[in-house]
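Biologist: I would like to go through this protein with you, one topic at a time. May we begin with its aromatic rings?

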Amino acid sequence: MKQTEELSFLEDMAGAGLESITANEQAIPYLGLVQPDSEAAAAGATPGVWRNSATGEEYGNVVTVSVFAFRTIWSERDTEPPFGTIGRYAPNSIAVTIQQPKGGKGYPKMINPETGNEVQELYVYALFLPEHPEAGVMLFNPTVSSMKTCKSWNTQLKSQLLPSGAQAPIFACTWNMACDLVDNPAKKGAKMAKFVKVEKNAFVSKELFETYVKPQLPAIQQTVLSITDNSNVDTENAE
C-alpha cells in the first residue's frame, strides 16, 4: 500500500514513451504443446503438456484461456527435421502451386515453388490465461493435426450468446483446452502431442474484463497480425 502511494505520481503518465514499442518489437510468447521429439523435450520439458515458449513454464494437460482475437494464416514448414516454421503469411499473399495427391487419394497440397515446402492454411488465436496473468497475451498456432478440434472451437466461439440473446464477443467466455499424447500416424509406435478437446468454462467476470481484457483490445489485432509480419519467429514446439 505504501509503495502504491509513493508511485501514484506516475499514474497520470501511464504508458508514456512506450508508444513505439509495438507487437513487432516484442517477444510474443506462444502457447505450445511439447512434442516428444522436440528440442524442448530433449532439454527436460514434459512431453504432452501445454508450455509457454518464452518462459518454459508448463501448464499441464488442461489450461483455461480467454480468446482475444483470431486469424487465418498460411504457414510454411521445413520438409526436413525438426520441421521448423519457415514463414507465416497472410492468405493468398504468396504464390503457390497445387500438388494433386498421388493415386487420386487424399487432398491437394499447396507448395511454395521457391522452396518446395508445403504451405498449410492454419489458425492463430491470441489467448489470455486467467490463472497465469503474468504471461500476458499468448499466441496459439496449432498444426493441421488439431484442425478438427479448432474448427469445433470456432463454431462454438461464433455461436455463443449473451443472456440477452445478443451474439457474444469473442472474449466473452473462458475455455478449457485439453491436450494428450496420441499415436503419431507418421511414425509407427511413436506418440505426438495433440489438442484434443475444448469446453466452455464460464463467462468472463467484470473484474477480469476490466483488468485484463479491455486494456488489450486496442492493440490486439496488431499482435495477431504481427505473426505474419515477423516470419523469423518460430513457435519452437508450438505443436
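Biologist: How many aromatic pairs does a search of the whole structure find?
Modeller: The search finds 13 aromatic pairs. Please keep in mind that this is a predicted model.

Biologist: Let us take Trp 153 and Phe 195. How are the planes of their rings arranged?
Modeller: The planes stand at 75 degrees and the ring centres are 5.9 Å apart, so this pair is edge-to-face.

Biologist: Which parts of the protein does that pair tie together?
Modeller: Trp 153 belongs to helix α3 (residues 147–159) and Phe 195 to strand β11 (residues 191–203), so the pair links parts that are 42 residues apart in sequence.

Biologist: Are Trp 153 and Phe 195 buried or exposed?
Modeller: Both Trp 153 and Phe 195 are buried. They also belong to one aromatic cluster, together with Trp 50, Phe 70, Tyr 123, Tyr 125, Phe 140 and Trp 175.

Biologist: What lies over the face of Phe 203?
Modeller: Lys 200 does, at 4.1 Å from the ring centre.

Biologist: Now to another charged residue. Where is Arg 88 found?
Modeller: Arg 88 is in strand β5 (residues 85–89). Its relative accessibility is 0%, so Arg 88 counts as buried.

Biologist: And what does the side chain of Arg 88 make a polar contact with?
Modeller: Its partner is the side chain of Asn 141, at 3.2 Å.

Biologist: What about Asn 92, is it buried or exposed?
Modeller: Asn 92 counts as exposed because its relative accessibility is 65%, and the cut-off for exposed is over 50%. Asn 92 sits in the loop between β5 and β6 (97–99). Although Asn 92 is not a glycine, it has a positive phi of about 70 degrees.

Biologist: Finally, what is the mean pLDDT of the protein?
Modeller: The mean is 85, and 85% of the residues reach 70 or more.

Biologist: Where is confidence lowest, and where is it highest?
Modeller: Among the helices and strands, helix α1 (residues 2–6) is lowest, with a mean of 58, while strand β3 (residues 58–60) is highest, at 97. Over residues 230–239 the pLDDT is below 50, and this stretch has 38 contacts in the model beyond near neighbours in sequence.

Biologist: How should one read such a stretch?
Modeller: Where pLDDT is low, the predicted coordinates should not be read in detail.

Technical notes. Residues are numbered from 1 along each chain as its sequence is written. This is a predicted model: local features need pLDDT of at least 70, side-chain atom pairs count only at pLDDT 80 or more; totals for chains, interfaces and linings use all residues. Side-chain values use heavy atoms; hydrogens and water are left out. pLDDT is the predictor's confidence in each residue, from 0 to 100. Helices (H or I, at least four residues) and strands (E, at least two) are DSSP runs, numbered from the N terminus. Contact means heavy atoms within 4.5 Å. Rings of Phe, Tyr and Trp (its six-membered ring) pair if their centres lie within 6.5 Å; planes under 30 degrees apart count as stacked, over 60 as edge-to-face and the rest as tilted. Buried means under 20% relative accessible area, exposed over 50%, partly exposed in between (1.4 Å probe, protein chains only). A charge sits over a ring if NZ of Lys or CZ of Arg is within 6 Å of the ring centre and within 35 degrees of the ring normal. A polar contact is a pair of N or O atoms within 3.5 Å; within protein, one must be able to donate a hydrogen and the other to accept it, and residues adjacent in sequence count only if both atoms are side-chain atoms.
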